[in-house]
Amino acid sequence: MSRRHRWKLDGVERANSVTWNPHKMMSVPLQCSALLVREEGLMQSCNQMHACYLFQQDKHYDLSYDTGDKALQCGRHVDIFKLWLMWRAKGTIGFEAQIDKCLELSEYLYNKIKDREGYQMVFDGKPQHTNVCFWYLPPGIRYMEDKEEKKKRLHKVAPVIKARMMEYGTTMVSYQPQGDKVNFFRMVISNPAATFEDIDFLIEEIERLGHDL
């Protein structure tokens, strides 16, 4: 959807299958997902139940339009209508602007905290999408020399700060561990109405809520 960022999908045409979730970056209401497969007839051979009372083979129209025997869900809401309706309203340019804005905000957040005292990136290099993963190290553990004790205490920081965020009602950011990496914040920017000022507020709020830890 974005001419500026579509290079990140270079090579996707070599995949046998691709999942596309407009209910994420494009903000289409849940549920709205698509599974694109290379092999014609694969979905039908995997999912068809040959329900003769539903999918008769002697209908007068092109049977390829019967989607019910090609998916896990037969009777279902028409997911694609939500995407079609939003596309009619926003247009391709509108979706592009929305996605570019979210990626611009995530890059702004990364640039603000990558060298800021008290913040540490979980992964090296600029994020290629809107997930910005980072630790906040409060002053109480920032200069600890015992690495194991520091790691143990850092693991508890993000859950406490998030709890305080919810109690104050100012903001909310998810956190998670990953392998041997202790709990870190995983900021996912998907709201194009957010501003640079909102990102600045988030940074200051994390520091305010976690300063005494």
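This briefing describes strand β4 and helix α5, together with the elements around them. The model is a predicted one. Strand β4 spans residues 131–136 and is largely enclosed by the rest of the structure, because five of its six residues are buried. Helix α5 covers residues 157–168, and β4 is among the elements that cover its buried residues.

**Strand β4 and its partners**

- Strand β3, residues 119–121, runs antiparallel to β4 and is joined to it by three bridges.
- In this pairing, Y136 of β4 has Y119 opposite it.
- Strand β6, residues 181–188, also pairs with β4: the two run antiparallel and share four bridges.

**Helix α5: span and end**

- The twelve residues of α5 reach 17 Å from the first C-alpha to the last, which is close to the 16 Å expected at 1.5 Å a residue.
- G169 follows α5 and has a positive phi, near 75°.

- V157, A158, I161, K162 and M165 are the buried residues of α5.
- These residues lie on the same side of α5, because the arc they cover around the axis is only 120°.
- M166 and E167, on the other side of α5, are exposed.

**What covers the buried residues of α5**

- The helices involved include α3 (139–142), α4 (147–154) and α6 (196–210).
- The strands involved include β4, β5 (174–178) and β6.
- Of these strands, β4 and β6 are themselves joined by four bridges.

Technical notes. Residues are numbered from 1 along each chain as its sequence is written. This is a predicted model: local features need pLDDT of at least 70, side-chain atom pairs count only at pLDDT 80 or more; totals for chains, interfaces and linings use all residues. Side-chain values use heavy atoms; hydrogens and water are left out. Buried means under 20% relative accessible area, exposed over 50%, partly exposed in between (1.4 Å probe, protein chains only). Two strands pair if DSSP finds at least two bridges between them. The expected span of a helix is 1.5 Å times one less than its number of residues. The arc is that of the directions from the helix axis to the C-beta atoms. Contact means heavy atoms within 4.5 Å.
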